[in-house]
Amino acid sequence: MTVVQVSAGWVPLAAVLLLAGAAAAAGLDGALAARAQGLPAGRGLVTPVAETARLFRQRRRTTVAADSPLRWVGVAGLLTVALLMAAVVPFGRWTVADLAVGVVWFNAMDVLLWAAVWLAGWGPNSLHPLVGGYRFLAQALCYELPLMFALTAPAVAAGSLRLGDVVAAQSGLWFVVWMPVAFAVFCAAVLAFSVWGPFRAPADATGAGGVLAESSGVDRWLLGTGRYALLAAGAAFGTTVFLGGGQGPVLPAELWLLVKTAVLLAALVVLGRRLPVVRPERLAAPAWLVALPLVLVQLLVVTVVVVVRG
Amino acid sequence: MDLTTRLATARTAVLVAEVPGWAATRCAVEREVRTRGWRLAGSPADADVLVVCGRPGPRLAAAVDHVWAQLPGPRARVQVHGPADVPPALDAALADLADAPAQRRDAADRPAEPAPGSLATDLPAPDGDAARDEDADRTPGFDDPGPAPDPDDGTDDGTDPDDGTDMSGMDMPMPGGVPLAGGGDDDQLPDPDRLDLDVLHVPLGPVLPCWPAGLLVHTTLQGDLVVAARAEVLEPAGAPPAGDGVHGTPAGRWDAVAALLALAGDADGAAAAARLRDALLAGADAAAEEARLGRRVRRSRLLHWSLRGVGELDGADAADRLAHWAGAGEQLVPITLEQVAALVTGVDLATARLVVASLDLDTSDRTRVPVPAP
């Protein structure tokens, strides 16, 4: 199956799909939260709509001596990065951007988040957001290298950085089957760059909302939606490089991609809710002493298999 | 109410300002918020409604006013004095939020640009409410050479971002009228990482979610590290109602568990603990649920790992205290504000929040402890 690059006119459709994924993740999270509160889960499903209505009706706040241009870069950055990540994911036979370096592109976009989240924290000129921004950098130091090596494994196995080739290389066996460690590290990193679940320390209650603490109205909507969109984009990319992308019997490739992405996204949301926050200073040791060596061993195994198979 | 307004108020975020002694009222607010499908706000910027539980004294009232000024709007503010007031008060708040013309007028009346806040009184007045209240009204200007004035920002205040300490250097740039963080004088401590970071004076509290009522901790920060701290309790106006205490009861134990779990990031566990607390306050028999939740909390390895070593006091840390509460252990630990200040010194802001939550202070217990100047 070859992947065809479609015209840029289809980008809005990709954005709509991404936002739908973000809304689905927010709805699922709202439903789970409502159930924990003892309310019918159905009431939580409207959370994304209700929060959108609430935030669009709310005034934007400014703070004293805020660094507005940089703040806007940060606030708009999360959603932008999520869309740029999703742009390289092949949707069945079609893709918005068929890059020869798709895997590297995803990694480069995720590094942009270092700047985006930090700027969102720096911009308001206020203590808790700034601390949150730095906590994100500390967290990024923990997840970035393991993530890079986790992404290297599928690329080595496929012998290509092009996502269409990575999907084609999984026609026999999904990469998740023989790269479970890389897949687990990738999923953890998606949670971490989305500032979600156990890795939401940059925006958690101990910092009164951290990078979100001073934002309201549409700023808060962009940051919140950006986080869910990053989760959705990460799930779509993870599906592509580890779960066989659009591969599957009977159903068309597009539908398979959507189904697998939805399942992975739901798993990330559910998993993220079940785990308490891991503060960045506690994360550093396991990330560097356990996750990084394990993912390197995984990469070694994959490389040896590829060399032996010729 | 049209559809947009109905949707926009379906998840109304409520910030609760609890006055020491009105814990049962705060619990009633939290229960009502939950049953309406609303949620608790994490910061003033996140809030639609400010609920003041109890009668705050002058300093606490001033802090609450500051927080109120930070709500983005549409906003509503209500005052409740007892659990029975809560449902009608929240109905009134909802009506306020839905009243678009009134909200427009409120927005038009507010200054377009944020202004720097006033300063938290830093002069210790351990005895005598009169002297303390007088201090509360004193708002030194930014050129006041007094020692380390703090902006009284309630919680995470954007309006007083970088409160400098070195006020003597008048040629220092002051963006937005706010002095930059600067090298401290005598309070600049040797930095453990040898970074010689600028010091910043930041008050934590008194209006902060998952935080003891009325507690105000004046912290001196280098980076996000608390290098010095002084704690005090802002008092209510008059005596709190009798029988409004939650502390020291089984419900109070689960209230403490809920606060610590919320800060530790276990939202579902915190929700379960809060529901259990409310069931106990309503007089329900919840022994089975207590045992179940207690087991769940004590078995969470990740939770224990993340709380291990936090706030060590008498050989027990936050993880031990949480397990103790979850196992239906006695709650009351006598602790002074000096000990609180000592425990949050030398840790980062996030850990400081966990430490304070793990101590479960009863700020309505008015045993006076002299607090020395930092």
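**View 1. Helix α3 of chain B and the residues it buries.** In this predicted model, helix α3(B) is built from 13 residues and reaches 19 Å from its first C-alpha to its last, which is close to the 18 Å expected at 1.5 Å a residue. Within α3(B), the residues R59(B), L60(B), A63(B), V64(B), H66(B), V67(B), W68(B) and Q70(B) are buried.

**View 2. A cis peptide bond in the loop that holds P74(B).** The loop between α3 (58–70) and β4 (76–80) of chain B is the place of P74(B), and the peptide bond that joins G73(B) to P74(B) is cis, with an omega of about 0°. This deserves a careful look, because most peptide bonds are trans.

**View 3. Helices α2 and α8 of chain B.** Helix α2 (residues 23–35) of chain B packs with helix α8 (residues 267–281) of chain B at an angle of about 120°, and their axes are 10 Å apart. At that angle α2(B) is therefore oblique to α8(B), and the crossing of these two helices is left-handed. On the side of α2(B) the contact is made by R26(B), C27(B), E30(B), R31(B) and R34(B), while α8(B) contributes A274(B), R275(B), R277(B), D278(B) and L281(B).

**View 4. Helices α9 and α11 of chain B.** Helix α9 (residues 287–299) of chain B and helix α11 (residues 318–326) of chain B have axes that come within 8 Å and cross at roughly 160°, so α9(B) is roughly antiparallel to α11(B). The crossing in which α9(B) passes α11(B) is left-handed. The residues that make the contact are G294(B), V297(B) and R298(B) of α9(B), together with L322(B), A323(B) and A326(B) of α11(B). In the contact of α9(B) with α11(B), four residues are nonpolar, one is polar and one is charged.

**View 5. Helix α10 of chain A and the glycine after it.** Helix α10 (residues 217–242) of chain A has 26 residues and reaches 37 Å from its first C-alpha to its last, close to the 38 Å expected at 1.5 Å a residue. Because 23 of the 26 residues of α10(A) are buried, this helix is largely enclosed by the rest of the structure. Just after α10(A) comes G244(A), which takes a positive phi of about 80°.

**View 6. Two loop residues of chain A with a positive phi.** Most residues other than glycine have a negative phi, and the two residues shown here can be read against that background. N125(A), found in the loop between α5 (102–122) and α6 (127–158) of chain A, has a positive phi of about 60° although it is not a glycine. V195(A), whose place is in the loop between α9 (180–193) and α10 of chain A, is likewise not a glycine, and its phi is positive, near 50°. N125(A) has a relative accessibility of 17% and so counts as buried, and V195(A), at 2% relative accessibility, also counts as buried.

**View 7. Q298(A) and its contacts.** Helix α12 (residues 280–309) of chain A contains Q298(A), a residue that is buried, with a relative accessible area of 7%. When its neighbours within four places in sequence are left aside, Q298(A) is in contact with W178(A), M179(A), P180(A), V181(A) and A182(A).

Conventions: Residues numbered from 1 in each chain as written. Chains lettered and ligands numbered in written order. Predicted model: local features only at pLDDT ≥ 70, side-chain atom pairs only at ≥ 80, totals over all residues. Heavy atoms only, no water. Helix = DSSP H or I, 4+ residues; strand = E, 2+ residues; numbered from the N terminus. Expected span 1.5 Å × (residues − 1). Buried < 20%, exposed > 50% of the residue type's maximum accessible area, 1.4 Å probe, protein only. Axes fitted to C-alpha atoms, helices over the stretch in contact; angles between N-to-C directions. Parallel < 35°, antiparallel > 145°, perpendicular 65-115°, else oblique. Left-handed = near helix turned anticlockwise from the far one by under 90°. Contact = heavy atoms within 4.5 Å. Nonpolar A, V, L, I, M, F, W, Y, C, P; charged D, E, K, R; others polar.
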